Amino acid sequence: MAKAGARDKMTLACEVCKQRNYDSQKNKKNNPERLEMMKYCRFCRKQTKHRETK
């Protein structure tokens with residue numbers, strides 16, 4: 001059985017069309033702020049900035 005750690009599930013949403021495209025995990029202790037990264041959006045059909053949502 002895995003122990004409870006600092007890793008947390010998160011969802012990345014496109015800044016342009018607001019669609020939620022990616023699910024991932026992050027370490028809350030190392031990265032307490034919201035994550036932003038350039039990812040491919042299949043709805044916009046181009047690379048756009050994706051931001052962490054709840």
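Six bridges join S3 to strand S4 (residues 46-53), and the two run antiparallel. Helices (H or I, at least four residues) and strands (E, at least two) are DSSP runs here, numbered from the N terminus, and two strands pair if DSSP finds at least two bridges between them. This is a predicted model, where local features need pLDDT of at least 70, side-chain atom pairs count only at pLDDT 80 or more, and totals for chains, interfaces and linings use all residues. Residues are numbered from 1 along each chain as its sequence is written, and side-chain values use heavy atoms, with hydrogens and water left out.

**The sheet**

- S3 and S4 belong to an open sheet of four strands, ordered S2-S1-S4-S3, with antiparallel pairing.
- At the edges sit strand S2 (20-27) and strand S3 (36-41), each pairing on one side only.
- On average, neighbouring strands of this sheet are turned by 40 degrees against each other, direction ignored; axes are lines fitted to C-alpha atoms, for helices over the stretch in contact, and angles run from 0 to 180 degrees between N-to-C directions.
- Across from Arg 51 in S4 you'll find Glu 36.

**His 50, on the inside**

- Strand S4 also holds His 50.
- His 50 counts as buried because its relative accessibility is 0% (buried means under 20% relative accessible area, exposed over 50%, partly exposed in between, with a 1.4 Å probe and protein chains only).
- Its contacts (heavy atoms within 4.5 Å), not counting residues up to four places away in sequence, include Leu 12, Cys 14, Tyr 22, Leu 35, Met 37 and Tyr 40.
- The side chain of His 50 also reaches the backbone oxygen of Thr 48 at 3.1 Å.

**Lys 9, on the outside**

- Lys 9 lies in strand S1 (residues 7-14).
- With 70% relative accessibility, Lys 9 counts as exposed.
- Leaving aside neighbours within four places in sequence, Lys 9 touches Ser 24 and Gln 25.
- Between the C-alpha atoms of Lys 9 and Tyr 22, 13 residues apart along the chain, the separation is 11 Å.

**The largest pocket**

- The largest pocket has a volume of about 170 Å³ (a pocket is an open set of points on a 1 Å grid over the protein atoms alone, with protein on both sides within 12 Å along at least five of seven lines, and lining residues have an atom within 4 Å of a point).
- Of the 13 residues lining this pocket, Asp 8, Lys 9, Lys 26, Glu 52 and Lys 54 are the closest to its centre.
- S1 and S4 are the elements that give two or more residues to the lining, and S1 gives the most, with four residues.

Conventions
Polar contact = N/O pair within 3.5 Å; in protein donor to acceptor, adjacent residues only side chain to side chain. 1 Å grid on protein atoms, 1.4 Å probe; cavity = no way out; pocket = protein on both sides within 12 Å on 5 of 7 lines; lining within 4 Å. Points joined across faces, edges and corners; volume = space filled by probe spheres on them.
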